[in-house]
Amino acid sequence: QVRFVESGGGLVQPGGSLRLSCQASGYITSVYAVGWYRQAPGKERALVVSISGWDEKEYGDVEKDRFTITKDNAENTVYLQIDDLKPEDTAVYYCNSRNSVGRALGSWGQGTQVTVSS
């Protein structure tokens with residue numbers, strides 16, 4: 001089972017940008033897709049965006065233009081670039097593998113905290 005370690009979060013002012021990293025313990029080419037999720041205080045964890053083995057992207061209920069997912073198969077790492085950060089982006093961000101029907105697989109890691117505040 002491929003596990004993931006998230007990093008790159010922090011405290012950012014509104015309008016700023018962050019690039020989150022998701023390092024896999026194995027080959028990301030061995031999974032159907034890798035998704036970035038987030039959980040805001042008092043809310044359920046939800047999909048932000050995922051990327052499949054053939055680079056097909058699926059977005060959750062987010063402003064697509066502000067979220068860019070990329071991957072480096074050689075480094076087994078998936079990145080999430082978030083631009084024009086807003087206070088409502090404050091959440092713990094997680095990554096996980098997904099199957100063909102969008103179900104998150106495996107156990108969740110610690111996530112990385114993103115806080116957007118002035």
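## Lys86 and Glu63

Lys86 has a relative accessibility of 23%, so this residue counts as partly exposed. The structure is a predicted model. Glu63, at 40% relative accessibility, is likewise classed as partly exposed.

The side chains of Lys86 and Glu63 form a salt bridge, with an N to O distance of 3.0 Å. Lys86 sits in the loop between β8 and β9, while Glu63 belongs to the loop between β6 (57-59) and β7 (67-72), so their pairing ties together parts that are 23 residues apart in sequence.

## Asp89 and its two arginines

Asp89 pairs with Arg38 in a salt bridge whose closest N and O atoms are 2.9 Å apart. Asp89 is in the loop between β8 (77-82) and β9 (91-98), and Arg38 is in strand β4 (residues 33-39); the pair therefore ties together parts that lie 51 residues apart in sequence. Asp89 and Arg38 are buried.

Asp89 also meets Arg66 in a salt bridge, at 2.8 Å from N to O. Because Arg66 lies in the loop between β6 and β7 and Asp89 in the loop between β8 and β9, this contact ties together parts that are 23 residues apart in sequence. Arg66 is buried, as is Asp89.

## The salt-bridge network

Through shared partners, salt bridges join Arg38, Glu63, Arg66, Lys86 and Asp89 into one network. The model has six salt bridges by the rule of a Lys or Arg side-chain nitrogen within 4 Å of an Asp or Glu carboxyl oxygen.

## The nonpolar core

In soluble globular proteins, nonpolar side chains tend to be buried together. Here the largest nonpolar core contains 27 residues. Phe4, Leu20, Trp36, Val48, Val78, Leu80 and Tyr93 are the residues with the most contacts inside this core.

Two or more core residues come from each of β3 (18-24), β4, β5 (46-52), β7, β8, β9 and β11 (112-116). The most come from β3, which gives four residues.

## Surroundings of Val48

Which residues does Val48 touch, not counting residues up to four places away in sequence? The partners of Val48 are Trp36, Tyr37, Arg38, Glu58, Tyr59, Gly60, Val62, Phe67, Leu80 and Tyr93. Among them, Trp36, Leu80 and Tyr93 are also listed with Val48 as residues with the most contacts inside the largest nonpolar core.

How values were computed
Residues are numbered from 1 along each chain as its sequence is written. This is a predicted model: local features need pLDDT of at least 70, side-chain atom pairs count only at pLDDT 80 or more; totals for chains, interfaces and linings use all residues. Side-chain values use heavy atoms; hydrogens and water are left out. Buried means under 20% relative accessible area, exposed over 50%, partly exposed in between (1.4 Å probe, protein chains only). A nonpolar core is a set of buried Ala, Val, Leu, Ile, Met, Phe, Trp, Tyr and Cys residues joined through side-chain atoms within 4.5 Å. Contact means heavy atoms within 4.5 Å.
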